[in-house]
Amino acid sequence: MKRLVGTLCGIISAALFGLGGILAQPLLSEQVLTPQQIVLLRLLIGGAMLLLYRNLFFKQARKSTKKI
């Protein structure tokens, strides 16, 4: 079961990484955002998603997350 979950996480993360590049292309071509700003947004969104996942599925981690 753990192997299946790991495989699914790998597939989903690769798909989302590719989707992020596709969605960033119009922003770069029209010079709406700089590459540094796009990287910043991707990291912030990814970090927020990880914190949300941690709080939803790991009850013990909720206390330490609130300290952050």
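Which residue takes a positive phi just after helix 1? I found Gln31 there, with a phi of about 55°. I took helices as DSSP runs (H or I, at least four residues), numbered from the N terminus.

I note that this is a predicted model, in which local features need pLDDT of at least 70 and side-chain atom pairs count only at pLDDT 80 or more, while totals for chains, interfaces and linings use all residues. Residues are numbered from 1 along each chain as its sequence is written, and side-chain values use heavy atoms, without hydrogens and water.

Helix 1 has 28 residues and reaches 41 Å from its first C-alpha to its last, close to the expected 40 Å (1.5 Å times one less than its number of residues).

I then looked up the packing. Helix 1 (residues 2–29) and helix 2 (residues 35–57) pack at about 145°, with axes 11 Å apart; axes are lines fitted to C-alpha atoms over the stretch in contact, and angles run from 0 to 180 degrees between N-to-C directions. Contact (heavy atoms within 4.5 Å) involves Phe17, Gly20, Gly21, Ala24, Leu27 and Leu28 of helix 1 and Pro35, Ile38 and Arg42 of helix 2.

Last, the largest pocket. Helix 1 gives the largest share of the lining, 12 residues.

Key
Helix = DSSP H or I, 4+ residues; strand = E, 2+ residues; numbered from the N terminus.
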